[in-house]
Amino acid sequence: MSCGEISEEVIKPMKIGLAQGGLISPILSNIYMHPFDVWVEEYLIPKYSLGKRKKANPEHTKMIRVQGKATDKSIRTSIDKDSNSDRVYYVRYVNDFLLGVAGSKQTCEIIRNEIKFFLAERLHLNINIDKTKITHSTQDKALFLGYQICCSPLKKKRIGYNAKGKLVRQTTRAILLAPIARVLERLKEKGFLNSKSMPTRNGKYINIDL
């Protein structure tokens, strides 16, 4: 093994950054954000993923035993507020990330603060609190990579059979929706909609090739 002497160098902050949309920008972002991925996978998710499954709802169990099937959709199969069965799911694309938390709003706020602290201390990044929102998956939508992501509400969940042939309610279904209002707003900015937000011709594009 050879040893070398480390010379003292002056680190100067760059005044010119990388252009968004360039080929190298997402590659460097993924390299820089890798420690955050590792921290989330090895620390954050294990810390807030508790227990093996939620406790069964006594009312649902009683309904199955007495009536032989699930007839009331308002009665859930498990207890919602069971802090011993929280779950955390994580996905990231360049500098945008989404966390799905099966837990309380208080847990979400604690996780958000831990993320803010890690990014500031380890990567010297300031999280945008205005864009880092906490939403309820069945009552609101989260915007991620051009899609509005939500879960089917309780009243729309169908009652079906599980693998053992027992009548139970099916689990929550993830829904991906197009942000129509934002799409219309962009079309209006480009001149493809009139003042009434109705489609209209845009003559300046006629002489441009496809």
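**View 1. The whole chain and its accessible surface.** The accessible surface of the protein chain comes to about 17100 Å², and carbon and sulfur atoms account for 55% of this area. Such areas come from the Shrake-Rupley method with a 1.4 Å probe, and for residues only the protein chains shown count as cover. Please keep in mind that this is a predicted model, in which local features need pLDDT of at least 70, side-chain atom pairs count only at pLDDT 80 or more, and totals for chains, interfaces and linings use all residues. Residues are numbered from 1 along each chain as its sequence is written, and side-chain values use heavy atoms, with hydrogens and water left out. Of the 210 residues in the protein chain, 21% count as buried; buried means under 20% relative accessible area, exposed over 50%, and partly exposed in between (1.4 Å probe, protein chains only).

**View 2. Confidence along the chain.** The predictor's confidence in each residue is called pLDDT and runs from 0 to 100. Its mean over the protein chain is 75, with 65% of the residues reaching 70 or more. Over residues 1-7 the pLDDT is below 50, and beyond near neighbours in sequence this stretch has zero contacts in the model. A contact here means heavy atoms within 4.5 Å. Where pLDDT is low, the predicted coordinates should not be read in detail.

**View 3. Helices and strands in order.** The protein chain has four helices and seven strands, and along the sequence they follow the pattern α-α-β-β-α-β-β-β-β-β-α. Helices (H or I, at least four residues) and strands (E, at least two) are DSSP runs, numbered from the N terminus. Among contacts between residues at least 6 apart in sequence, 51% join residues at least 24 apart.

**View 4. Arginine 92 and its partners.** Look for arginine 92 in strand S1, which covers residues 87-93. Arginine 92 is buried, because its relative accessible area is 17%. Its side chain makes a polar contact with the side chain of aspartate 37 (2.8 Å), and the arginine 92 side chain also reaches the backbone oxygen of valine 94 at 2.5 Å. A polar contact is a pair of N or O atoms within 3.5 Å; within protein, one must be able to donate a hydrogen and the other to accept it, and residues adjacent in sequence count only if both atoms are side-chain atoms. Not counting residues up to four places away in sequence, arginine 92 touches Ser29, Asn30, Met33, Asp37 and Phe97.

**View 5. Glutamate 114 in helix H3.** Helix H3 spans residues 105-122 and holds glutamate 114. With a relative accessible area of 16%, glutamate 114 is buried. Its side chain makes a polar contact with that of tyrosine 48 (2.4 Å). Leaving aside neighbours within four places in sequence, glutamate 114 is in contact with Trp39, Tyr43, Leu44, Lys47 and Tyr48.

**View 6. Alanine 142 in strand S3.** Strand S3 takes in residues 142-144, including alanine 142. The C-alpha atoms of alanine 142 and leucine 98 are separated by 8.7 Å, although these residues are 44 apart along the chain. Beyond its neighbours within four places in sequence, alanine 142 is in contact with Leu98, Thr135, Tyr147, Gln148 and Ile149.

**View 7. Helix H4 and leucine 187.** Leucine 187 sits in helix H4, residues 180-189. Of the 10 residues of H4, zero are buried, so H4 lies largely in the open. Leucine 187 counts as partly exposed, because its relative accessibility is 34%. Just after H4, glycine 191 takes a positive phi of about 90°.
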